[in-house]
Every structure is written in C-alpha cells, then in structure tokens.
Amino acid sequence: MAETFRWRVTSDAKATHKFNVRSVQFGDGYEQRQLKSLRPKLRSWDIKVVGQKALISEIKAFFDARGGVEPFNWRPPEGGTALVKVSEYTETSKGGKVYELGCTFEEVLA
C-alpha cells in the first residue's frame, strides 16, 4: 500500500492535463493517433510548500525515501485521490527561517 503525502501545499497548485496518445505521421501529411492505455489522460501538478527548515526537511525525507520511483497517494485540490511520483524538487531560502520547496507531482498508472 502506497504512503500518503500529508502536508498542506500552497493554494496556487497548477494542474496540467495531458492526453496519453501515440501518433504516427505519414509522408502525405496524414497523422494517425491512438490511445496508449486504458487511461488516456494523466495529470500533473506544480506544487509548493512554504515553511520552516524542519517542515521542509520532513518533506524532503519523504521524497528521498521514494527516490523518484515509488509512487504515493495525494489529494489534489479538485478532490479525489491521485497516485503520483516526484522526479525532482527544488529548495529555496526565502529569507530568515523560511524555505520553499517546489516540485511536480506526476500522476502514474496504478
């Protein structure tokens, strides 16, 4: 059973919806497209978490434990649950004791 990302993200999480299709282009300009799987649309979210060093360290440890391979559950702002992975993240000092962690949650097929 996948772990759950339990931390609150900023309210400006940006969602992207991408159709999972394969296309082949022919010499006469014709293009043929087909769905790659039974789940033709995958989503991703650019998210940020702002907080003190201890909070950011907790989240980094959560991501590092999965190493970009193991997916985890997350509740997107629009509701429901998504199985996602994180391939990379950024950490930015915002001054004083405040840090910002940014990443993209990429939906994966179960």
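This is a predicted model: local features need pLDDT of at least 70, side-chain atom pairs count only at pLDDT 80 or more; totals for chains, interfaces and linings use all residues.

The dialogue below goes from the overall fold to rings, charges and the surface.

Q: Which secondary structure elements does the protein have, and how do they run from the N terminus?

A: Helices (H or I, at least four residues) and strands (E, at least two) are DSSP runs, numbered from the N terminus. Here there are 1 helix and 8 strands, in the order β-β-β-β-α-β-β-β-β. The radius of gyration is taken over C-alpha atoms, and the globule rule is 2.2 Å times the number of residues to the power 0.38. For 110 residues the rule gives 13 Å; the protein has 17 Å, well over that, so it is more spread out than a compact globule. Along the principal axes, the C-alpha atoms fill a box of roughly 60 × 35 × 25 Å.

Q: How many of the residues count as buried?

A: Buried means under 20% relative accessible area, exposed over 50%, and partly exposed in between (1.4 Å probe, protein chains only). Of the 110 residues, 28% count as buried.

Q: How many aromatic pairs does the structure hold?

A: Rings of Phe, Tyr and Trp (its six-membered ring) pair if their centres lie within 6.5 Å; planes under 30 degrees apart count as stacked, over 60 as edge-to-face and the rest as tilted. The structure holds 15 such pairs. One of them, Phe5 with Phe63, is stacked, at 5.8 Å centre to centre and 10° between the planes. Phe5 lies in the segment before strand 1 and Phe63 in helix 1 (residues 53-66), so this pair ties together parts that are 58 residues apart in sequence. Phe5 is buried at 4% relative accessibility, and Phe63 is buried at 5%. Phe5 and Phe105 have ring centres 5.1 Å apart and planes at 75°, so they are edge-to-face. Phe105 is in strand 8 (residues 98-107), 100 residues from Phe5 in sequence. One aromatic cluster includes Phe5, Phe63 and Phe105, with Trp7 and Trp45 also among its members.

Q: How many salt bridges are there?

A: A salt bridge is a side-chain nitrogen of Lys or Arg within 4 Å of a carboxyl oxygen of Asp or Glu. The count comes to 9. Arg43 pairs with Glu78, the closest N and O atoms being 3.4 Å apart. Arg43 lies in strand 4 (residues 41-52) and Glu78 in the loop between strand 5 (72-74) and strand 6 (82-85), so the pair ties together parts that are 35 residues apart in sequence. Arg43 is buried at 17%, whereas Glu78 is partly exposed at 47%. Glu91 and Lys53 meet at 3.0 Å, N to O. Their bridge links strand 7 (residues 89-95) with helix 1, 38 residues apart.

Q: Which ring does the charged end of Lys53 sit over?

A: A charge sits over a ring if NZ of Lys or CZ of Arg is within 6 Å of the ring centre and within 35 degrees of the ring normal. Lys53 has its charged end over the ring of Tyr99, 4.7 Å from its centre. Arg66 is over Phe62, at 3.9 Å.

Methods: Residues are numbered from 1 along each chain as its sequence is written. Side-chain values use heavy atoms; hydrogens and water are left out.
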